[in-house]
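Hi everyone, thanks for making time for this.

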Amino acid sequence: MSEEKKADYKSNFRETQDIVFKVYRFDPDVNTEPHFDTYTVPVVKGWTVLDAIIYIKENMDATLSYRASCRMGICGSCAMEINGKPRLACQTQVIAELKSAEVTVKPLANYPVLRDVVPDLTPLLQHHNDVKPHIIRKDKEDQKNPKGELYQTPDELEEYLQFSYCIKCGACVAACPVVATDENFLGPQALTQAYRYCIDTRDDGFDLRMDVVDDVHGAWRCHFAGACSDACPKGVDPAFAIQLLKREITARKFGKKREPAPIAKQPANVKRREDVPYPPEKTVQ
Ligand code: SF4
Ligand code: FES
């Protein structure tokens, strides 16, 4: 790298801009009402909102609570409301993306607040659990001790692949106007996962999910506002998944049946390679 380029890189790297962060504060042990605290942060070009929050915590106010882990849009922990929209803090560039001298940070809407910008995601996880988000086989013995693989074609994989990118950040639920008025509504995240598993050719559990998805608080409660898809940072498009789920429920009610993928036969005369290790023993029974 030339000296000129080096100097240019250095000056770019150090370029900062003072941005005012208005951060939602609420400590249930101390406060009866939430309030906002204001911090002026020297934001370096390239910083995300999470970088700014970490700066505040380390240099300005150690009492600020936030939740984050991977810092790369994978774990879903850092979702919060930034300038009025649910986003991942670690994927939101302050200068290049928000283009604002003032940034307001709040916890995700539609959840109870544990503290400051940390929401309680228990409702999200409960609804996720309600739709049985795993492959279900009617043959319980086979499910417990599989005797072989369940083949799936690339086209069959394509049917649900996009919906399996969900990182359970909860942004879609925070954006949903129906969740805001009906806390029993399963919500876009859970309904998307219901569809993801129902359409998987290896799954045989549609009937077991029918009770919760074919309900006034299930798929039919969705008004197709589309706010969930707009908020989703992973391109999952929950609004689309819910419409496909409605179509699938209707088709099954009109008698559509689908046999789950059978256990594939082991190819004959194929010996296990001796240098391939066996999987470890199960740690959970
Ligand atoms: S569907 Fe998108 S917004 Fe909703 S929890 Fe999954 S990743 Fe987050
Ligand atoms: S910290 Fe993991 S998604 Fe932001």
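Predicted model: local features only at pLDDT ≥ 70, side-chain atom pairs only at ≥ 80, totals over all residues.

The crossing of α8 past α9 is left-handed. On the α8 side the contact is made by Leu 191, Ala 194 and Cys 198, and on the α9 side by Phe 206, Arg 209 and Val 213. Sort those residues by class and you get five nonpolar, one charged and no polar.

Let's stay with α8 and look at another partner. Helix α11, residues 238-253, packs with α8 at an angle of about 55 degrees, and the two axes are 8 Å apart. That angle makes α8 oblique to α11. Here too we have a left-handed crossing, with α8 passing α11. Who's involved? From α8 it's Pro 188, Gln 189, Leu 191, Thr 192, Ala 194, Tyr 195 and Cys 198. Facing them in α11 are Pro 238, Ala 239, Ala 241, Ile 242, Leu 244, Leu 245 and Glu 248. By class, this contact has 11 nonpolar residues, two polar and one charged.

Now for helix α4, residues 122-130. The angle between α4 and α8 is about 20 degrees, with their axes 8 Å apart. So α4 and α8 are roughly parallel to each other. The handedness this time is right-handed, for α4 passing α8. Leu 124, His 127, His 128 and Asp 130 are the α4 residues, and they meet Gly 187, Gln 189, Ala 190 and Gln 193 of α8. The class count in this contact is two nonpolar, five polar and one charged.

On to the ligand. Which helix gives the largest share of the shell around ligand 1? It's α8 again, with three residues. Both α7, which is 171-175, and α8 supply at least two residues each to that shell. There are 15 residues around ligand 1, and the ones that come nearest are Cys 166, Cys 169, Ala 171, Cys 172 and Cys 232.

Last, let's zoom out to the whole chain. How many helices and strands does the chain have? The count is 11 helices and seven strands. The chain's radius of gyration is 24 Å, while the globule rule gives 19 Å for 285 residues; that's well over the rule, so the chain is more spread out than a compact globule. As for its extent, the C-alpha trace spans about 65 × 55 × 35 Å along the principal axes.

Definitions and conventions. Residues numbered from 1 in each chain as written. Chains lettered and ligands numbered in written order. Left-handed = near helix turned anticlockwise from the far one by under 90°. Helix = DSSP H or I, 4+ residues; strand = E, 2+ residues; numbered from the N terminus. Contact = placed C-beta atoms within 7 Å. Nonpolar A, V, L, I, M, F, W, Y, C, P; charged D, E, K, R; others polar. Near = placed C-beta within 6 Å. Rg over C-alpha atoms; globule rule 2.2 N^0.38 Å. Axes fitted to C-alpha atoms, helices over the stretch in contact; angles between N-to-C directions. Parallel < 35°, antiparallel > 145°, perpendicular 65-115°, else oblique.
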